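Q: Hi! Could you walk me through this protein, one piece at a time?
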Amino acid sequence: MPAIATIVMHYQNMGFNMNAPAYRHILIIADIEGSSGCGSYRASSFLTQPWAHACAAMSRDVDAVVKVLFDAGVGRVTVKDFHRTGYNLLPEMIDRRAAVVCGYRQGPVPGLGDPDSADGVMMLGMHAAAGTSGFLAHTLTSRLASLKVNGRPLAEVELFAAVLAPFGLPAIFFSGCPVACTQARERIPGIHTFSIEKSMPPQALDADRWRRDLARSAAKAFSNRTTQPYGPKGPFHAVIAIRDGAKAAARMADRWGFDRTGARVRIDAPDMDTLYNRLIRLCYLPPLAERTLPFSLMLFNAIGWLGLLWVRRQLKAFPRD
Ligand SMILES: [Zn+2]
């Protein structure tokens, strides 16, 4: 807490008016690959011991940012866990003033749910686009070897910023590996970024110090009033290479009637919203699961919730700090 108070004083001394926050309600989308405790694919994978520790580190990262936002005068913070099952964050490790939302929602934004009154979005622990050189780079799922839209790799930062734009939310802050941060700045004009070095194992990182710097950077972004909601103009033409080859591509694409040649799938969409929905169908939803979506989501969320119970037991049995 004293460190956070010092950061707030620092920004007050620099002339930021902390009494007039630029945003009243911040939505944080939290992922694990670009967080401080994830050093491998295994550490991002469900029910592995490194994943349990990565969940704890991710929760601490989010907590550091949440605290600094409340100290900067934000009225509400909603944290949406958006990795795999959507159950990675341990709410008991995060400042109680924030609402932590685990699991997936049907809509209005598929997966994310209702952004409610949020007026700014921050993305923490993110990764670079599928087919690029970042740490554990992927878009939506690692089953996509590459995803190019209108000739350019599509990163999740662009996708999420675009589907939240109709709700008036600008994407103001992003953290992830250096490649992911570069992609975020290239695609979202005015977004602030803060990177994490992934060339060393998480144990070699001074996590407390990194978190303080992350929080300081997020506080600075909080006073950024210039970023606009991101609304790229369509139409969009996506070309997707499926990692496991033609058979896997047929299973994913043919059930929805998407245009496919071998392992290559093509999807056209008039806008980002439609593209997002079609990509979700390709990556996650057989038609039957979509037809029974409330039930499928309940089942999926229950598995995630049980996974988080397992994480808590692992952290008790094998504490690291
Ligand atoms: Zn993830």
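A: Happy to! Keep in mind that this is a predicted model. Where would you like to begin?

Q: Let's start with the metal. Which residues are the protein donors of the zinc ion?
A: They are Asp31, Glu33 and His83. Asp31 gives an OD atom, Glu33 is listed with two OE entries, and His83 gives its ND1. These donors lie 2.0 to 2.7 Å from the zinc ion.

Q: And what makes the arrangement of the four donor atoms irregular?
A: It's the angles: the four donor atoms around the zinc ion subtend 53 to 133°. To count as tetrahedral, all angles would have to lie between 85 and 135 degrees, so a range of 53 to 133° ends up as irregular.

Q: How are those donor residues spaced in sequence?
A: The pattern is D-x1-E-x49-H. Glu33 sits in the loop between strand E1 (25–30) and helix H2 (49–71), while His83 sits in the loop between strand E2 (76–81) and strand E3 (99–101), so the pair ties together parts that are 50 residues apart in sequence.

Q: Okay, and is Glu33 buried or exposed? What about His83, buried or exposed?
A: Glu33 is buried, because its relative accessible area is 4% and buried means under 20%. His83 is buried as well, at 3%.

Q: What's going on with Phe82? Where does it lie?
A: Phe82 is in the loop between E2 and E3. With 13% relative accessibility, Phe82 counts as buried.

Q: Which residues is Phe82 in contact with?
A: Leaving aside neighbours within four places in sequence, its contacts include Ile29, Ala30, Asp31, Tyr104, Phe160 and Tyr276. Asp31 is also one of the zinc donors. As for Ala30, its C-alpha atom is separated from that of Phe82 by 5.6 Å, although the two residues are 52 apart along the chain.

Q: New topic: pockets! How much space lies in the largest one?
A: About 1,100 Å³. The largest pocket is lined by 41 residues, and those nearest its centre are Arg84, Tyr104, Leu140, Tyr284 and Phe300. Tyr104 is also among the contacts of Phe82.

Q: What kinds of residues make up that lining?
A: The lining divides into 21 nonpolar, eleven polar and nine charged residues. Helix H3 (156–164), helix H7 (272–284), helix H8 (287–291) and H9 each supply at least two of the lining residues.

Q: You mentioned H9. Where does Gln314 lie, and what does it touch?
A: Gln314 lies in helix H9, which covers residues 293–317. Not counting residues up to four places away in sequence, Gln314 touches Gln49 and Ala52. Gln314 counts as buried, at 15% relative accessibility.

Q: Then which residues have a positive phi although they are not glycine?
A: Asp116 is one, with a phi of about 55°, and Asn150 is another, with about 50°. Asp116 is in the loop between E3 and E4. Asn150 is in the loop between strand E5 (144–149) and strand E6 (152–153), and it is partly exposed, with a relative accessible area of 46%.

Note on methods: Residues are numbered from 1 along each chain as its sequence is written. This is a predicted model: local features need pLDDT of at least 70, side-chain atom pairs count only at pLDDT 80 or more; totals for chains, interfaces and linings use all residues. Side-chain values use heavy atoms; hydrogens and water are left out. Donors are N, O and S atoms within 2.8 Å of the metal (3.2 Å for Na, K and Ca); water is not among the atoms, so sites may look incomplete. Four donors count as tetrahedral if all angles lie between 85 and 135 degrees; four count as square planar and six as octahedral if opposite donors are over 155 degrees apart and all others between 65 and 115; anything else is irregular. Helices (H or I, at least four residues) and strands (E, at least two) are DSSP runs, numbered from the N terminus. Buried means under 20% relative accessible area, exposed over 50%, partly exposed in between (1.4 Å probe, protein chains only). Contact means heavy atoms within 4.5 Å. On a 1 Å grid over the protein atoms alone, a cavity is a set of points where a 1.4 Å probe fits but cannot get out, and a pocket is an open set with protein on both sides within 12 Å along at least five of seven lines; lining residues have an atom within 4 Å of a point. Grid points are joined across faces, edges and corners, and a volume is the space filled by probe spheres set on the points. Ala, Val, Leu, Ile, Met, Phe, Trp, Tyr, Cys and Pro count as nonpolar, Asp, Glu, Lys and Arg as charged, and the others, Gly among them, as polar.
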